[in-house]
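Reader: Hi, I'm new to reading protein models and would like to go through one slowly with you. Could you show it to me first?

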Amino acid sequence: PRNQPLYAFCCFVIIPSLMSNKVAVRIPSLMSSFLIKLLNYLSINKFFENIEIHTCGRREFMRKIPKNTEAVIFTGKFENVKALVPIFPKNALILVGGSGHNPLIVTESAYIKKAVKSSLRIQLYNKGQDSASTNSILAHKNKHKEFLYEILKKIKKVKTGKYEEKKVRVGPITDTKD
């Protein structure tokens, strides 16, 4: 998870900046202090002069979007993008990148224990708060009861809490070092 902010910045900012005249990005408040330090360290503004970094709130940032904006890449929750669509320029291409783009599929020939292990790994990666996390699991009708039984049995054993506690697998993602 520690390379996720840099990966996301490359994927959703650097790459589009190579194809655009200007890219404006709003850094999530949770990551702002860490990411600003990282971007300054990497001299991003020196190498990518067409990238504008904003640390303001979401609504304020949306008000700053020029009327001639051609594309918007949104990486947050779908509910949030739906609320912001009226603010986007009318002709803008809106690309939404959140979780669940690739559902986990449990086929009729699946080994259930392996499918459950894979499901938990992908769902709990980075505390489940990551665009790599799927938000849908599709199980074949002949396997869904067995899959559900096994995953419920395993999920009950997952320890949650603060990471200082022993064997905690899922906890808050509130510290930039996490």
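**Salt bridges and surroundings**

Author: Let us begin with lysine 113, which counts as exposed because its relative accessibility is 61%, and please keep in mind throughout that this is a predicted model.

Reader: Okay, so which side chain does lysine 113 meet in a salt bridge?

Author: The side chain of lysine 113 meets that of glutamate 150 in a salt bridge, with 3.7 Å from N to O. Since lysine 113 lies in helix α6 (residues 112–124) and glutamate 150 in helix α7 (residues 144–155), the pair ties together parts that are 37 residues apart in sequence.

Reader: And glutamate 150, is that one buried or exposed?

Author: Glutamate 150 counts as buried, because its relative accessibility is 11% and the cut-off for buried is under 20%.

Reader: Which other lysine does glutamate 150 meet in a salt bridge?

Author: Glutamate 150 also meets the side chain of lysine 153 in a salt bridge, where the N to O distance is 3.3 Å. Both of these residues lie in helix α7, three residues apart, which is about one turn of the helix. Lysine 153 itself is partly exposed, with a relative accessible area of 34%, and the salt bridges link Lys113, Glu150 and Lys153 in a network.

Reader: How many salt bridges are there in the whole structure?

Author: A search of the whole structure finds four salt bridges. One of them joins the side chains of glutamate 52 and lysine 22, at 3.2 Å from N to O.

Reader: Where do glutamate 52 and lysine 22 lie?

Author: Glutamate 52 lies in strand β2 (residues 51–54), whereas lysine 22 is in the loop between α1 and β1, so this pair ties together parts that are 30 residues apart in sequence. Glutamate 52 counts as partly exposed at 31% relative accessibility, and lysine 22 is partly exposed too, with a relative accessible area of 47%.

Reader: Switching to helix α1, what about serine 17, is it buried or exposed?

Author: Serine 17, which is found in helix α1 (residues 4–17), counts as buried because its relative accessibility is 5%. Leaving aside neighbours within four places in sequence, serine 17 is in contact with Val23, Phe48, Asn50 and Ile51.

Reader: Now the surface: which residues make the nonpolar patch?

Author: Leu6, Tyr41 and Leu42 make a nonpolar surface patch of about 320 Å². Leucine 6 lies in helix α1 and counts as partly exposed, at 36% relative accessibility.

Reader: And which residues gather in the patch of positive charge?

Author: On the surface, Arg58, Arg59, Arg63 and Lys77 gather in a patch of positive charge. Among them, arginine 59 is found in helix α4 (residues 58–63).

Reader: Why does arginine 59 count as partly exposed?

Author: Arginine 59 counts as partly exposed because its relative accessibility is 45%, and that label covers values between the cut-offs of under 20% for buried and over 50% for exposed.

Technical notes. Residues are numbered from 1 along each chain as its sequence is written. This is a predicted model: local features need pLDDT of at least 70, side-chain atom pairs count only at pLDDT 80 or more; totals for chains, interfaces and linings use all residues. Side-chain values use heavy atoms; hydrogens and water are left out. Helices (H or I, at least four residues) and strands (E, at least two) are DSSP runs, numbered from the N terminus. Buried means under 20% relative accessible area, exposed over 50%, partly exposed in between (1.4 Å probe, protein chains only). Contact means heavy atoms within 4.5 Å. Patches are made of residues with over 30% relative accessible area and no salt bridge: like charges are joined within 9 Å, nonpolar side chains (Val, Leu, Ile, Met, Phe, Trp, Tyr) within 5 Å. Accessible areas come from the Shrake-Rupley method with a 1.4 Å probe; for residues, only the protein chains shown count as cover. Lys and Arg count as positive and Asp and Glu as negative; His and the chain ends are not counted. The place of a charge is taken as NZ of Lys, CZ of Arg, CG of Asp or CD of Glu.
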